[in-house]
Every structure is written in structure tokens, then in C-alpha cells.
Amino acid sequence: MSFSRIACSLAIISSLAACANLAPERVVEQTASSTDRSASNALRNKQRALAFYGEFFNRHDLSAAERYIAPAYIQHNPRVANGRDAFVAAFTAIFARYPQRHSTIHAAIAEGDLVALHVHTVTDSNDIGMAIVDIFRFDNAGNIVEHWDVMQPVPATTASGNGMFK
């Protein structure tokens, strides 16, 4: 091995040793119990998201917001203001305008404090509907504290021939 290669190898080793000194003194390892708790919370959050959707969006039970949404709820939909009360006010108007509004959940995915729902929402039996992905963030108590959504009209046809759902 040439002197330059040895010098280079020593420089790399020295750099790695210096980086090791920058590492945190205590590494927090994820234990089986914390993994189980996280999985348990994810399942609980998914069940709560599904229950909320059924009660609020399908039965139009506005009181469901009090059972599932934190008062200081953060909203990322540009048409709805922050806060549980603002959310209820927005949907009070929507449900009055579309009393037959109904949603079908095609998929529910949960990881940690996030739940994503793939939803088909229609306003009445003649409506082709909207394809929606709702993303909810839950707090440790299982309340919805934040929401994002992505929506698009369901097209009559698609270039691929594949529908929006399954």
C-alpha cells in the first residue's frame, strides 16, 4: 500500500472518530413496548377516523365533531377555517345544501399519529362525485388535531380505463 493511500485511510479513520464524538451520548432505542403502543395507537386512530366519518359525514351528526375533533383543530383545506367550531359551521351549510351527501371509504391507512382515508363522496344519487384523500393527525388522547385533504372530481372516463377506486 502506498504512503498516500495509508495517509488517506488514516484521515478517513480520524474523521470517523471525530464524527463519533458528535453523536448523541444516549441513543434512544425503540423497544417492543413502544412499538406495540405505536401500533395500538395507530389502530385506535384508524378506528376513530372511520367512526368519525360514519357519524359526521354519513349520518350528518354534527355533534360527532365534539367527540372526535380537538377544539384547536388545525385545518389545511383552504375553504374551511381553523377550529372545531369553524369546521362544524362549514359542514352545517354543506349538509343543508346537500342533504343526501354520502361518503364511501375505500381504504384506510394508519401509521403513528396519522390516518389517511381514500373516499368517494357524492352529493346525491345523480352525482358522479369526488375522489378524496383525507389525512388526519391525532393527539395522544385519540382526538383529531389536524387535517389535510386532496380532492378531484371523478371523471366519466379515464385514459387508462382504470377507475378512481379499486
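Which residue does the side chain of Asp 61 meet in a salt bridge? The partner is Arg 67, with N and O 3.0 Å apart. This is a predicted model, so please keep that in mind throughout.

Let me stay with the salt bridges. The count comes to three. Arg 67 also meets Glu 55, here at 2.7 Å from N to O. Glu 55 belongs to helix 2 and Arg 67 to helix 3, residues 64–68, so this pair ties together parts that are 12 residues apart in sequence. Glu 55 is buried, because its relative accessible area is 12% and the cut-off is under 20%. Arg 67 is partly exposed at 38%, and Asp 61 is partly exposed at 26%.

Then there is Arg 137 with Glu 146, their closest N and O atoms 2.7 Å apart. Arg 137 is partly exposed at 25% relative accessibility, while Glu 146 is buried at 11%. As for shared partners, Glu 55, Asp 61 and Arg 67 are joined into one network.

Next, the largest pocket. Its volume is about 430 Å³. The lining has 21 residues, and those nearest the centre are Asn 77, Arg 79, Phe 91, Arg 101 and Met 151. Strand 4 gives the largest share of the lining, four residues. By type, the lining splits into 11 nonpolar, five polar and five charged residues.

Last, Gln 75, which sits in strand 1, residues 69–75. Gln 75 is buried, at 8% relative accessibility. Its side chain reaches the backbone nitrogen of Asn 77 at 2.9 Å.

Note on methods: Residues numbered from 1 in each chain as written. Predicted model: local features only at pLDDT ≥ 70, side-chain atom pairs only at ≥ 80, totals over all residues. Heavy atoms only, no water. Helix = DSSP H or I, 4+ residues; strand = E, 2+ residues; numbered from the N terminus. Buried < 20%, exposed > 50% of the residue type's maximum accessible area, 1.4 Å probe, protein only. Polar contact = N/O pair within 3.5 Å; in protein donor to acceptor, adjacent residues only side chain to side chain. 1 Å grid on protein atoms, 1.4 Å probe; cavity = no way out; pocket = protein on both sides within 12 Å on 5 of 7 lines; lining within 4 Å. Points joined across faces, edges and corners; volume = space filled by probe spheres on them. Nonpolar A, V, L, I, M, F, W, Y, C, P; charged D, E, K, R; others polar. Salt bridge = Lys/Arg side-chain N within 4 Å of Asp/Glu carboxyl O.
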